[in-house]
Structure formats: structure tokens, C-alpha cells
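Keep the viewer open and turn things around as we go.

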Number of protein chains: 2
Amino acid sequence: MAKLLEGREVTAALKTKHQTEVDGLLSKGITPTLGIIRVGEKEDDIAYERGATKRCEAVNVAVKHFVLASDAVQEELIELIDGINADALIHGALLFRPLPKYMSEDKICNILSTRKDVDGITDGSLAGVFAGRTRGFAPCTAQACMEILDHFGVELKGKRVAVVGRSLVVGKPLSMMLMGKNATVTMCHTKTADLPAVCRSAEILIVAAGRAKVIDKSFCSPGQILIDVGINVDEKGNICGDVDFEDCEPVVDAITPVPGGVGTVTTSILVEHVIEAARRSI
Amino acid sequence: MAKLLEGREVTAALKTKHQTEVDGLLSKGITPTLGIIRVGEKEDDIAYERGATKRCEAVNVAVKHFVLASDAVQEELIELIDGINADALIHGALLFRPLPKYMSEDKICNILSTRKDVDGITDGSLAGVFAGRTRGFAPCTAQACMEILDHFGVELKGKRVAVVGRSLVVGKPLSMMLMGKNATVTMCHTKTADLPAVCRSAEILIVAAGRAKVIDKSFCSPGQILIDVGINVDEKGNICGDVDFEDCEPVVDAITPVPGGVGTVTTSILVEHVIEAARRSI
């Protein structure tokens, strides 16, 4: 049976660390504060916001909520972000995406100050991840994968890692961060020839394909560590990953569950980034 | 015998294209203009400047030279770049690096306007390459590799490509550009385990390791296309690549020579970027 890489173990460790860090900041008169910006009333956004708020407040990170109507004009949102940039008492901001189609998401993301960009949506943060420099923050989901590997003591140096999926929120930044830890990364995607063989040859396989259960045991090999970034709903209405867990689990050495894996850690990374943004603001 | 992927064939094709493009701009009253910024009198810089100037002037792209003393203070350089940013008659700027050690290269690079950043040194350009968006320009050497592959009709979609070297001027941006063309890229470096085997399994091998002749035939396999980005001086004082040409050439299907390969194309890409920057300025 594969070792289960449970997110709650990682979040528990992070929580302890965050409490100490926040206590330190509070004693200096600084309350790390996250601004959450939401346009409209999308169910997924509201659920995430609820979870993130709970996770923040559990360690005394404050949350301010900014909600615009689903038909808000772009200028309203820009004004709101400008206000957050100027507000020294808000250290980080999370903007739910996708934005309404009539808005220029690319333009709006880059209005946010890179210093407050705790989910890696600005050019500054992306350049930082790409170059391996401190600028803004990496996307939380990508960093959640790194945190899980680190927590469970997975050595990356010299390891063959396959990353499936090339999104700007997971695949691309994660590939850069893995390479920063001296892994040998192969970036895979829908056009990769013989994807099962490429995946099998990896010692660590990370899947962020965005489609339910596309990875079965034909992609796996014994000894492998399998990280599933996907969150999907299957034909029975249950939450499932991009990995067919039942099929793969007997083959690999270690695997993240869905739910309860990467997704669980993501909001803790958000908290981590808000605390770090508050520290950098000193 | 391997097909020789000669840079001059690529630059000749680019020259014809550039002449037409510049004629079009001149007819609109726009003279595409490159500003070259040099601190000190380093021989390599001066040689590159001479070559780039010649390549520009051959297609009527104008060049303005800005030279500071090797002991110039940082503020002088910043003022100079500010001036170039503000000068509507200069469309692109090339800054020789490394800068003197007492300067903050990172800070200075980001003073240049991304719009004029024809060699991909700003955060904006890097974020653009990383995200696959139009922002500034890719580093010229990385794009020169793409141009060679394109010119010689090398299909990238679904191909296994190994990139050796993870610098911000070649390896990283090149990996992103190759993935943008749907190649499956493995990013290799000094910590990669069994590098020869990883390289042999690639259909296209691109070497930007920055060390003379580190790639011999044990890294190669029949049918392979081999791109050598390196420019080094060997023990006899001759210019050589990162690839041991004599050893690898009999094995692979196609190979770039050094000199006469990627390096030859780099300045043509610089010209390409200046023309494009002039076009975007309209």
C-alpha cells in the first residue's frame, strides 16, 4: 500500500509555524491582513473565500472582503485595487479569477502591486518565479506541491520529475520551482507523444492536467511519488483528482488523496504569503 | 554525414525579410533605431557591438552608441537609460552585461522600458516569455535557436527536446518557447543524474552549458538534431562550442557548427526585435 501524503499533516505543521510568526508580528504592532477581492457571487469563489478566511483567522491573520456586483464595470475594480495598493494596512490581496469576460484580466492583474500579489498573478511575481528571484509570490497551488514534497522529506536534487500540465498557475511555475531545487523536470502536456511512457520513467509524477482521472496505472511505475493537483467532480458527483486513485495507488510508493491533498494545503500557503508580505512591509 | 545547420543561411533569409520590413517603416517616416549601452571597454563587448552595428546598418536600422567610463557611477547609467526610455526616436536598447560589480544589475535592467527591451532583460520581457504573452522580447540567443529550428523545418510538436543549461538568457526562456511550440521539454543541468542517457533519449538536443566540449558522442543518438549554443575558446586558442563537434557529428542527423551557428543568428534576431519594437511604437 502506498504512503498517503495527507494535506492536513502539512497544514497542521504550517499552522504551528504561522502562529509563532504572527505572534511576532502582532508584538510589533503589525496585524498581517489579506484583502479578498471577488466580483459576483460564484459558488466556488465563495466556498474558497470561506475556507481561506477560516484558515487566516485561525492564526490571527485578518481578512477584509471586497465584493463587487457581477456586472461591475472594469473601472470600479481598478479603483478598488488601487485603493488596496495604497492601503498600508493590507499586506496581500487575492483576486478571484476568471473575471467577467468583458474585463481585461491581464491588465487588471498587473494593477495589483507585486508586493501584495500573494497568489502570483502579476508579471513581477511571474518573472520572480521564472528567474528564481524574490519578487512578489509564486502561485499558491504550485507552492503547495513544493510544500508537500518538502514536508514528507522527498529529495528533489537530481530526481527525474514529470509535470503534466503547463498552466501559469501550476505547471509552469511548479516546473521552475522544482528545477530551482535541482530536479530534472520534463514538462508534459496534451501534445506530448507517448505520455504514459514519459510519466512512467519519472521518479516523481505531478499531475495538473485539469481533467478528471486522466492518469491511470499505465502512467505509473513502482517506487514513484504521485502528486495529484486536480480537483474535479466525477460522473457520480464526487470530488476526484486528475489521477484515478484506486487504479494508481497499488502501484506507486506514495500518493496525495483528493480531496485532502494539494487543495488542502493551498490556503495555508496563502496564509504563509500574507505573513511574508507583512514581514517584507516592515 | 550530418546536415550542417549553418547560421549564415538563416541570417541571409532574415536579412531579405528585414530589408522589406525596414523599407515599409522608412516609407512611413520611421527609422528603426537601436541604442547600444556599454560601460567600459571590454573586448568582447566591443566585438559584439561592431558585429551588431554592421548587421543593423546593412538593413538600414540605425544605431546610436552610448558609452560610459568603466568607473561610471550607477546614477549616470540610470540617467542614460531614463533618457533612452524617453527618446521616441530610439526603439530598442541593448545593455552589455555583466555590469561593474558595484552596480545593481537587477535594478538597472528593470529601469529599461519593457517596450524597448530587445534582449529580454526586464521582468516584463521575462514574464512575457514565461507566460507566452506579448510583452517586450525574448533574449536574442534563445530566439536564435528557435529561428534555426524553424528555418530548417524542424517540427517541434510532440518532440522530445532536452535543453542542457538553465540560464535566464538561454536555457529557461528557450524551454518555454519550445513548449510554446508543443515540444516536450526536459530541462537539464549540472545536477541532472545520468545526463548522457537523458540527452540520448531526446530527438532534439540543445546545449547551452557554457563549458567547452562537455558534450561528446556518449550524449548523442542517431537521428538526433543537435544545437550548440556555446561559444568558448579551447586549449589551442580556437573558438569552439559546448559540443565536441568532431566526436558528435558522425552520430547525429544534423548539427550547428561553432563558429557559424547560433552565434551568427543572434545579432539578426536583435535586428528583428528592433524592427518589431519600431512597428509596435506606431
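How far does helix H10 (residues 262-280) of chain A reach from its first C-alpha to its last? The answer is 26 Å for its 19 residues, close to the 27 Å expected at 1.5 Å a residue. Bear in mind that what you have on screen is a predicted model.

The peptide bond joining A:Val258 and A:Pro259 is cis, with omega at about 0 degrees. Chain A has another cis bond to look at, from A:Arg97 to A:Pro98, again with omega near 0 degrees. A:Pro98 sits in the loop between strand E4 (92-95) and helix H4 (105-109) of chain A. For context, most peptide bonds are trans, and most residues other than glycine have a negative phi.

A:Asn182 has a phi near 70 degrees, a positive value in a residue other than glycine. You'll find A:Asn182 in the loop between H7 and E6 of chain A. Is A:Asn182 buried, exposed or partly exposed? It counts as partly exposed, because 16 other C-beta atoms lie within 10 Å, and being buried would take 20 or more. Over in chain B, B:Asn182 also has a positive phi, near 70 degrees, and lies in the loop between helix H7 (171-180) and E6 of that chain. B:Asn182 is partly exposed too, with 16 other C-beta atoms within 10 Å.

Now zoom out to the layout of chain A. The chain is divided into domain 1 (29-113) and domain 2 (140-263). The C-alpha centres of those two domains of chain A lie 29 Å apart.

How do the chains relate to each other? Chain A can be laid on chain B with an RMSD of 0.0 Å, using a turn of 180 degrees and a shift of 0.0 Å along the axis. That is the relation of a two-fold axis. Where they meet, 23 residues of chain A are in contact with 23 residues of chain B. On the chain A side, helix H5 (123-131), helix H7 (171-180) and strand E6 (184-188) each supply at least two residues. H5(A) gives the largest share of that side, 6 residues. By type, the residues of chain A that touch chain B divide into 11 nonpolar, 6 polar and 6 charged. And 100% of the interface residues of chain A are also interface residues in chain B, so the copies meet through the same surface.

E6(A) is joined by 3 bridges to strand E6 (residues 184-188) of chain B, and the two run antiparallel. Within that pairing, A:Met187 stands opposite B:Val185 in E6(B).

Chain B has some parallel pairing to follow as well. Strand E7 (residues 204-207) of chain B pairs with E8(B) in the parallel sense over 4 bridges, and B:Ile204 stands opposite B:Ile225 in E8(B). E8(B) is also joined by 2 bridges to strand E11 (residues 254-255) of chain B, and these run parallel. There, B:Leu226 has B:Ile255 in E11(B) as its bridge partner.

Which way do the residues of E8 (residues 225-228) of chain B point? B:Ile225 and B:Ile227 point one way, B:Leu226 and B:Asp228 the other way, and all are buried. In a regular strand the side chains alternate between the two faces of the sheet.

Finally, compare sequence with space in chain B. B:Met1, in the segment before strand E1 (3-4) of chain B, counts as exposed because it has 7 C-beta neighbours inside 10 Å. The C-alpha atoms of B:Met1 and B:Val251 are separated by 8.1 Å, though the two are 250 residues apart along the chain. Next, take B:Leu195, which has its place in helix H8 (residues 195-200) of chain B and is buried, with 21 other C-beta atoms within 10 Å. B:Leu195 and B:Val22 are 173 residues apart in sequence and 44 Å apart in space, C-alpha to C-alpha.

Methods. Residues are numbered from 1 along each chain as its sequence is written. Chains are lettered from A and ligands numbered from 1 in the order in which they are written. This is a predicted model: local features need pLDDT of at least 70, side-chain atom pairs count only at pLDDT 80 or more; totals for chains, interfaces and linings use all residues. Copies are superposed by least squares on the C-alpha atoms of residues with pLDDT of at least 70 in both. Two residues are in contact if their C-beta atoms, placed from the backbone, lie within 7 Å. Ala, Val, Leu, Ile, Met, Phe, Trp, Tyr, Cys and Pro count as nonpolar, Asp, Glu, Lys and Arg as charged, and the others, Gly among them, as polar. Two strands pair if DSSP finds at least two bridges between them. A residue is buried if 20 or more other C-beta atoms lie within 10 Å of its own, exposed if 12 or fewer, and partly exposed in between; C-beta atoms are placed from the backbone. Domain bounds come from an automatic or database domain assignment. The expected span of a helix is 1.5 Å times one less than its number of residues.
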